[in-house]
Amino acid sequence: MAAGWSLSRSERKAAARAEFLRQEEQRERRRQVSRILRKPAAERSPDEAALLSGCQEIVRDLERLGKKRERLRRRLEEVCDEPEELKRKVSKLSAAVQGAKHLIIYTGAGISTAASIPDYRGPNGVWTMLQKGRSIRAVDLSEAEPTLTHMSIACLHNHKLVKHVVSQNCDGLHLRSGLPREALSELHGNMYIEVCTSCTPNREYVRVFDVTERTALHRHHTGRVCHKCGAQLRDTIVHFGEKGILQQPLNWEAAIEAASKADVILCLGSSLKVLKKYPHLWCMSKPPRHRPKLYIVNLQWTPKDDLAALKLHGKCDDVMKLLMDELGLPIPCYDRTKDPIFSLAVPLQPEEEGSHSRRAVAPPVGLHEVQLGEQQQTPVGPLSGGWFGRGCAKGTKKRKVS
Ligand SMILES: [Zn+2]
């Protein structure tokens with residue numbers, strides 16, 4: 001309004017002051033209404049009831065906000081089905097697994113929590129902690145071993161019940177469980193693999209230690225060089241805010257092909273917040289009735305719950321144990337002597353011996369293992385660098401490192 005121009009300076013000041021007081025009064029009214037609403041209706045005094053009926057708009061607004069807050073809170077809550085209920089659901093899942101022509105599995109951090117690797121969005125997850133400004137507890141990833149869920153998946157694949165696995169995890173545990181590489185797409189990379197992109201085709205170096213201690217968003221060099229051409233090696237990790245560019249271990253084409261053929265998708269331990277952004281994985285171009293049936297195992301809400309044929313609220317290991325029982329398949333135990341990482345690994349050359357400070361996965365040789373274990377009793381410091389939790393800090397304050 002141009003009216004302001006005709007007012008004197010003191011009049012404009014008075015108007016601004018009046019506006020400020022009006023807004024302050026509004027805020028105070030809102031606080032009052034909010035206080036009254038928190039009381040049970042029976043305990044409200046006649047004055048309070050009158051105030052509420054005089055402020056219908058604020059009441060509606062606060063109630064709407066309250067519902068929204070409640071909905072968000074519920075989504076973060078971890079819910080467990082009762083044991084009987086879970087068993088009933090697993091029977092249905094088992095029927096779906098047996099009846100599927102092309103079953104594929106999507107996995108997230110929830111399948112590795114039993115291996116002491118924290119998940120992302122769970123109550124103590126990496127993402128949740130960073131959002132709250134707390135530090136992530138240090139974990140020695142080299143001690144993590146494939147869980148009952150990893151071993152069950154490898155077994156299901158072995159029995160031709162599962163065709164392909166798409167994982168968001170970088171912890172390399174699917175590979176270490178014995179799942180063949182062609183049946184696996186590691187969407188965000190693998191912490192044990194570094195590659196030379198100058199060689200054609202890309203030359204891959206599997207290591208027995210986390211190769212990512214020096215890498216971060218847009219900084220992928222691991223500090224070692226290609227034995228063949230001398231170019232710098234890079235990690236395979238897709239950090240937050242990046243797109244995967246490597247053929248392997250991303251294996252994107254195989255993931256898309258598997259998804260296009262899938263009639264059943266089993267999602268294990270993923271919030272699906274990242275995976276839902278890949279429409280190809282959900283066959284979104286097909287009409288809804290031709291899309292694969294979804295079975296979701298997760299303690300928390302996921303954005304695909306409403307589309308699921310069945311949602312199982314349970315820990316992945318509990319569900320998989322029940323499922324394998326139903327299918328009559330014994331779950332193979334993880335056996336370090338059969339861990340493919342040791343046969344795949346390219347040994348370091350003598351001059352590379354000091355090129356990393358991460359603990360190596362202890363080799364499966366009795367005496368040697370004990371000696372290594374004794375040498376490596378150094379306590380694990382706070383996490384710094386590497387794929388683990390790095391990209392999650394994007395958008396949160398950079399943490400001071402003491
Ligand atoms: Zn090379």
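Visitor: Which residues in helix 6 are buried?

Guide: They are Leu148, Thr149, His150, Met151, Ser152, Ile153, Ala154, Cys155, Leu156 and His157. Before we go on, this is a predicted model, where local features need pLDDT of at least 70, side-chain atom pairs count only at pLDDT 80 or more, and totals for chains, interfaces and linings use all residues. Residues are numbered from 1 along each chain as its sequence is written.

Visitor: What makes a residue "buried" or "exposed"?

Guide: A residue is buried if 20 or more other C-beta atoms lie within 10 Å of its own, exposed if 12 or fewer, and partly exposed in between, with C-beta atoms placed from the backbone.

Visitor: What does Val162 touch?

Guide: Leaving out residues up to four places away in sequence, Val162 touches Leu103, Ile105, Ile153, Leu156 and His157. Being in contact means that the two C-beta atoms, placed from the backbone, lie within 7 Å.

Visitor: What do the buried residues of helix 6 pack against?

Guide: Their partners are strand 1 (103-107), strand 2 (164-167), helix 7 (173-176), strand 8 (264-268) and helix 9 (316-327).

Visitor: Why do we say that the buried residues of helix 4 line one face?

Guide: Look down the axis of helix 4: its buried residues fall within an arc of 105°, so they line one face of the helix. That arc is the one made by the directions from the helix axis to the C-beta atoms. The buried residues are Leu86, Lys89, Val90, Leu93 and Val97, while Glu84, Arg88, Ala95, Gln98 and Gly99 are exposed on the other side.

Visitor: Where does UniProt list an "active site"?

Guide: The unreviewed UniProt entry gives His188. UniProt positions use the numbering used here, feature names are shortened, and annotations may be inferred rather than shown by experiment. His188 sits in the loop between strand 3 (184-186) and strand 4 (193-196). With 21 other C-beta atoms within 10 Å, His188 is buried.

Visitor: Which residues does UniProt list for "binding site"?

Guide: The unreviewed entry names Cys196, Cys199, Cys226 and Cys229. Although spread over 34 residues of sequence, they cluster in space, with a largest C-alpha distance of 8.6 Å.

Visitor: Why is Cys226 called partly exposed?

Guide: Cys226 has 18 C-beta neighbours inside 10 Å, which falls between the cut-offs for exposed and buried, so Cys226 counts as partly exposed. Cys196, by contrast, has 22 other C-beta atoms within 10 Å and is buried. Cys196 lies in strand 4, whereas Cys226 is in the loop between strand 6 (221-225) and strand 7 (232-235). Cys226 is also in contact with Cys196, one of several partners.

Definitions and conventions
Helices (H or I, at least four residues) and strands (E, at least two) are DSSP runs, numbered from the N terminus.
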